[in-house]
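Trainee: Can we go through this one together? I'd like the terms spelled out as we go.

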Amino acid sequence: MKLVTFVHEGREALGRVDDDATTIRDLGGVVGDRSLLEVIGDWERLGAAIAAARDLPVVEGARLRAPIPEPRRDLFAVGKNYREHVAEFGRSGYDSPDKSEDLPDKPIVFSKATTSVTGPYDDVEAHTGVTSELDYEAELAVIIGVGGRGITRDDAMGHVWGYTIVNDVTARDVQRDHKQWLLGKSLDTHAPMGPWAVSADEVGDLAALEVSSTVNGEPRQKAPVADLIFDVPELIRVLSAGMTLLPGDVIATGTPAGVGIGFDPPRFLVPGDVVECAISGLGALRNTIR
Ligand code: MG
């Protein structure tokens, strides 16, 4: 099922989206004022109740927030996880400290501050004065259900609650100049997320999903999830090896080739640009740079 966090007449609540991918139904009568984070933490009980709920009231004119608008800790994100993107990043000169077109032999993991999360249709701040080299990265994001440590590849998919889309918006100059990526990846509004959190049972063949992006309608990125260098089970195995993963943790799995620094000269985002990031079956983000 597709779940959303919406705001309607000043009230924030959880909703379920119909198969038409448009109609939002209010789950307040089923989950009370619980957040999606709380619902995922009690999924065995609440998931069944949400699935069974009938005749839920339709909400008109709601604004969507990110499905998990305030994650309990920073988002995990993976760098250089699609082959052609590794090459374009290495060529660009923005890769720091590596500056390498070699494929990584282990996942490169960084984080994005919780305060970077914003809604699927909200504006993305240009942060003029902090960065002049703004870029987009469409990514499949995994939402952890049951937490754990030392999770094996074989068990990994059992720990996945579901999926969403994250645009891993990046201030390239800040990413390059500070060596460690946290700052360049964490400016406020630089993690549009959503539009829905889609439970894993609704996603068929994960590898067949296609990740794509456009800027002002011009196609930029397009690749199947099958092209990931380190797949979802491997990312969960590596992340959880010595660190406990928690229910509701979000892992952005990396971006395909076609980002702004992949062009020569680079094509950075400017105020007024509209960026769309889509994944088949998971919907699309649409954010304007302001
Ligand atoms: Mg990324």
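Mentor: One term to begin with: a polar contact is a pair of N or O atoms within 3.5 Å; within protein, one must be able to donate a hydrogen and the other to accept it, and residues adjacent in sequence count only if both atoms are side-chain atoms. Helices (H or I, at least four residues) and strands (E, at least two) are DSSP runs, numbered from the N terminus. At the start of helix 8, a side-chain oxygen of Asp231 comes to within 3.0 Å of the backbone nitrogen of Glu234.

Trainee: What should I know about the model itself?

Mentor: This is a predicted model, where local features need pLDDT of at least 70, side-chain atom pairs count only at pLDDT 80 or more, and totals for chains, interfaces and linings use all residues. Residues are numbered from 1 along each chain as its sequence is written, and side-chain values use heavy atoms, with hydrogens and water left out.

Trainee: Back to helix 8, then. Why is it largely enclosed?

Mentor: Because seven of its nine residues (232–240) are buried. Buried means under 20% relative accessible area, exposed over 50%, and partly exposed in between (1.4 Å probe, protein chains only). The buried ones are Val232, Pro233, Glu234, Leu235, Ile236, Leu239 and Ser240.

Trainee: What covers them?

Mentor: Among the elements over the buried residues are strand 6 (75–79), strand 7 (108–112), strand 10 (138–144) and helix 5 (153–156).

Trainee: Where does Thr253 sit?

Mentor: In the loop between strand 16 and strand 17 (274–279). Thr253 counts as buried, at 1% relative accessibility. A polar atom of its side chain lies 2.7 Å from the backbone oxygen of Leu140. Its contacts (heavy atoms within 4.5 Å), leaving aside neighbours within four places in sequence, include Val232 and Leu235.

Trainee: And Gly262, buried or partly exposed?

Mentor: Partly exposed, at 30% relative accessibility. Gly262 lies in the loop between strand 16 and strand 17 too. Gly262 and Ser240 are 22 residues apart in sequence and 32 Å apart in space, C-alpha to C-alpha.

Trainee: New topic. How many salt bridges does the structure hold?

Mentor: 22, where a salt bridge is a side-chain nitrogen of Lys or Arg within 4 Å of a carboxyl oxygen of Asp or Glu. In one of them, the closest N and O atoms of Lys80 and Asp95 are 2.7 Å apart. Lys80 is in the loop between strand 6 and helix 4 (83–92) and Asp95 in the loop between helix 4 and strand 7, so the pair ties together parts 15 residues apart in sequence. Both Lys80 and Asp95 are buried.

Trainee: Which residues are linked in a network?

Mentor: Lys112, Asp135, Glu137, Asp168, Arg172 and Lys185. Arg172 and Glu137 meet at 2.8 Å, N to O, and both are buried. Lys185 and Asp168 meet at 2.9 Å, N to O.

Trainee: Last one: what about the domains?

Mentor: The assignment, which is automatic or from a database, gives domain 1 (2–65) and domain 2 (75–288). Their centres, taken over C-alpha atoms, are 26 Å apart. The area buried between them is about 1200 Å², 66% of it from carbon and sulfur atoms. Buried area is the accessible area (1.4 Å probe) that two parts lose on being put together, summed over both. Two salt bridges cross the interface of domain 1 and domain 2.
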